[in-house]
Amino acid sequence: MKKVLLGLTVLLSAGLTVNVEAADQKAVVATAGDIKPFSYQNAKGQLTGYDIQVIKSASKYIDDYEISFKKTAWDSIFVGLDSEIYQGAANNLSYTKERASKYLYSVPIAKNPLVLVTKKDSKITSLDDIGGKTTQDDTGTSTAKFVDDWNKKHSDSPSIIEYSGEDVTKRLLDLDSGEFDYLIFDKISVDTIIKQKQLDLRVIDLKTDDNPNNYIIFSSDSEKLQGEFNKAVKKLYDNGTLEKLSQKYLGGSYLPEKSAVEANK
């Protein structure tokens, strides 16, 4: 664990002096650890994945903090941020105005747009076709909000959301077996799982700017940590580390725009 030497001199009764060394502040990053390739457990039960490794790599450039990870349920992540149990969250997180009003966002760490997934013989070929059709999601997700927002604009024929609570792998398997009609999720996760599970599904790029990037989120009182992390991400971008992690964990180059990384350096 890194230490910060304060250079503080304490006068003792015997007239001696000692240097006082203070431990780093502890910063706990919460993750559900069930969303490969961003955050998951390897064969040894250790947390890894793109989000996790970006934070570990960034921590080498962050002084004053000892960063650790806590695996927890999805719906406990934001409760923990609210109560300051956690100082950060890493879980393939996208941007929403609601979250931004309560938490601090990092600069983007990956470009990861939303896609529409259907069976290959489905008549759904775009968002225009999801009215009256059924999807599955989890509560509190940006994708569920995406569908809710679509429904508000198409109240005459809204889409139906079943809140299954299943992870995205199970949802894609259920979609492949015909249990519901379509799924909206991020491109990297979908492409990874379809390839691994050899699913017979069609992936359609959405013509939307909603949720194009991935981020790390920090609690509202962690502004210093957020700033240090943003500076570290720019270093990882410039020295090629972010590209290497993208190739290794995401299976390709999914770097955000450089201007976005530099926006809050």
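1. Start with Tyr95. In this predicted model, Tyr95 has 40% relative accessibility, so Tyr95 counts as partly exposed. The cut-offs explain the label: buried means under 20%, and exposed means over 50%. Tyr215 has 12% relative accessibility and therefore counts as buried.

2. Now look for ring pairs. The whole structure holds six aromatic pairs. One of them joins Tyr95 and Tyr215: the ring centres are 6.5 Å apart and the planes stand at 55°, so this pair is tilted. The pair links distant parts of the chain. Tyr95 sits in the loop between strand 8 (88-93) and helix 3 (97-100), while Tyr215 sits in strand 16, 120 residues apart.

3. Tyr215 has another ring partner. Which geometry do the rings of Tyr105 and Tyr215 show? Their centres are 5.1 Å apart and their planes are at 90°, so the pair is edge-to-face. Tyr105 belongs to strand 9 (residues 104-105) and lies 110 residues from Tyr215, so to speak across distant parts of the chain. Both Tyr105 and Tyr215 are buried. Elsewhere, ring pairs tie Trp74, Phe78 and Tyr103 into a cluster.4. Step back to the whole protein. The protein has nine helices and 16 strands. Of its 265 residues, 46% count as buried. Take the contacts between residues at least 6 apart in sequence: 71% of them join residues at least 24 apart. The accessible surface is about 13,500 Å², and 47% of that surface belongs to carbon and sulfur atoms.

4. Rolling a probe the size of a water molecule over the atoms shows where empty space is left. How many cavities of 30 Å³ or more does a search of the whole structure find? The search finds one. About 50 Å³ of space lies in this largest cavity. Its lining includes Val29, Ile55, Ile62, Ile67, Ile216 and Phe229. Strand 16 (213-218) and helix 7 (223-238) each give at least two residues to that lining. By class, the lining has eight nonpolar residues, two polar ones and no charged ones.

5. Ile55 is one of the residues lining the largest cavity. Ile55 lies in helix 1 (residues 50-59). Its relative accessible area is 3%, so Ile55 is buried. Leaving aside neighbours within four places in sequence, Ile55 is in contact with Val29, Ile67, Phe69, Ala90, Ile216 and Phe229. The C-alpha atoms of Ile55 and Ser68 are separated by 9.6 Å, with the two residues 13 apart along the chain.

6. Now the open space. The largest pocket has a volume of about 440 Å³. Its lining takes in 26 residues, and Ile35, Trp74, Asn91, Thr141 and Phe185 lie nearest the centre. Trp74 is also part of the ring cluster with Phe78 and Tyr103. Elements that each supply at least two lining residues include helix 4 (142-153), helix 5 (168-176) and strand 14 (183-186). Which element gives the largest share of this lining? Strand 8 does, with three residues. The lining of the pocket divides into seven nonpolar, 11 polar and eight charged residues.

7. Thr118 deserves a look. Is Thr118 buried or exposed? Its relative accessible area is 0%, so Thr118 is buried. Thr118 lies in strand 11 (residues 114-119). Not counting residues up to four places away in sequence, Thr118 touches Ile124, Leu175, Asp181, Tyr182, Leu201, Arg202 and Ile204.

8. Finally, check the backbone. Most residues other than glycine have a negative phi, and most peptide bonds are trans. The peptide bond from Lys36 to Pro37 is cis, with omega near 15°. Pro37 is in the loop between strand 4 and strand 5 (39-41).

9. Two residues here have a positive phi although neither is a glycine: Asp64 at about 80° and Gln198 at about 50°. Asp64 is in the loop between helix 1 and strand 7 (65-71). With a relative accessible area of 23%, Asp64 is partly exposed. Gln198 is in the loop between helix 6 (187-197) and strand 15 (201-205). At 72% relative accessibility, Gln198 counts as exposed.

Definitions and conventions
Residues are numbered from 1 along each chain as its sequence is written. This is a predicted model: local features need pLDDT of at least 70, side-chain atom pairs count only at pLDDT 80 or more; totals for chains, interfaces and linings use all residues. Side-chain values use heavy atoms; hydrogens and water are left out. On a 1 Å grid over the protein atoms alone, a cavity is a set of points where a 1.4 Å probe fits but cannot get out, and a pocket is an open set with protein on both sides within 12 Å along at least five of seven lines; lining residues have an atom within 4 Å of a point. Grid points are joined across faces, edges and corners, and a volume is the space filled by probe spheres set on the points. Helices (H or I, at least four residues) and strands (E, at least two) are DSSP runs, numbered from the N terminus. Ala, Val, Leu, Ile, Met, Phe, Trp, Tyr, Cys and Pro count as nonpolar, Asp, Glu, Lys and Arg as charged, and the others, Gly among them, as polar. Buried means under 20% relative accessible area, exposed over 50%, partly exposed in between (1.4 Å probe, protein chains only). Contact means heavy atoms within 4.5 Å. Accessible areas come from the Shrake-Rupley method with a 1.4 Å probe; for residues, only the protein chains shown count as cover. Rings of Phe, Tyr and Trp (its six-membered ring) pair if their centres lie within 6.5 Å; planes under 30 degrees apart count as stacked, over 60 as edge-to-face and the rest as tilted.
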